[in-house]
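Dear colleague,

I am passing on a structure for you to look at, and below it you will find notes on what turned up when I went through it. Please read them with the structure open beside you.

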Amino acid sequence: ANKLLELQSMSEGEKLAREMDQKRRKHREMAFVLVKRDDVQGLSQLLEEIDNKSVMLANSPSDCTSPVSTARWWEWKDHAQRTLLKSAQQLKSGSVQEYLE
């Protein structure tokens with residue numbers, strides 16, 4: 001019940017920021033899964049989609065004051081504090097490592 005009240009009391013900007021944060025977390029999780037699978041095609045599609053959305057958001061006029069937009073996926077870290085590249089190196093995901101370098 002408290003969670004419902006909290007969601008209902010949020011402004012549109014806060015709801016948008018929360019939704020974008022959830023999407024960012026999902027994208028980050030998926031990126032590390034794709035690195036582990038050494039799936040270059042999947043990873044490149046995901047990162048391209050993220051970059052395209054970031055550019056669109058950065059270029060669109062918005063009255064939303066939440067910090068957002070540019071997804072800095074190259075700074076993402078997993079539970080072991082590894083970036084995508086470090087993760088690829090340690091997991092010996094050669095194709096993905098080559099793509100990220």
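In this predicted model, the side chain of Asp78 makes a polar contact with the side chain of Arg82 at 2.8 Å, where a polar contact is a pair of N or O atoms within 3.5 Å and, within protein, one atom must be able to donate a hydrogen and the other to accept it, while residues adjacent in sequence count only if both atoms are side-chain atoms. The side chain of Asp78 also reaches the backbone nitrogen of Ala80, at 3.0 Å.

Asp78 sits in the loop between helix 3 (40-59) and helix 4 (84-90), with helices taken as DSSP runs of H or I of at least four residues, strands as E runs of at least two, and both numbered from the N terminus. Asp78 counts as buried because its relative accessibility is 12%, the limit for buried being under 20% relative accessible area with a 1.4 Å probe and protein chains only. Apart from neighbours within four places in sequence, Asp78 is in contact (heavy atoms within 4.5 Å) with Phe32 and Ser87.

As for the protein chain, its secondary structure comes to five helices and zero strands, and buried residues make up 26% of its 101 residues.

Residues are numbered from 1 along each chain as its sequence is written, and side-chain values use heavy atoms, with hydrogens and water left out. Because the model is predicted, local features need pLDDT of at least 70 and side-chain atom pairs count only at pLDDT 80 or more, whereas totals for chains, interfaces and linings use all residues.

Definitions and conventions. Buried means under 20% relative accessible area, exposed over 50%, partly exposed in between (1.4 Å probe, protein chains only).
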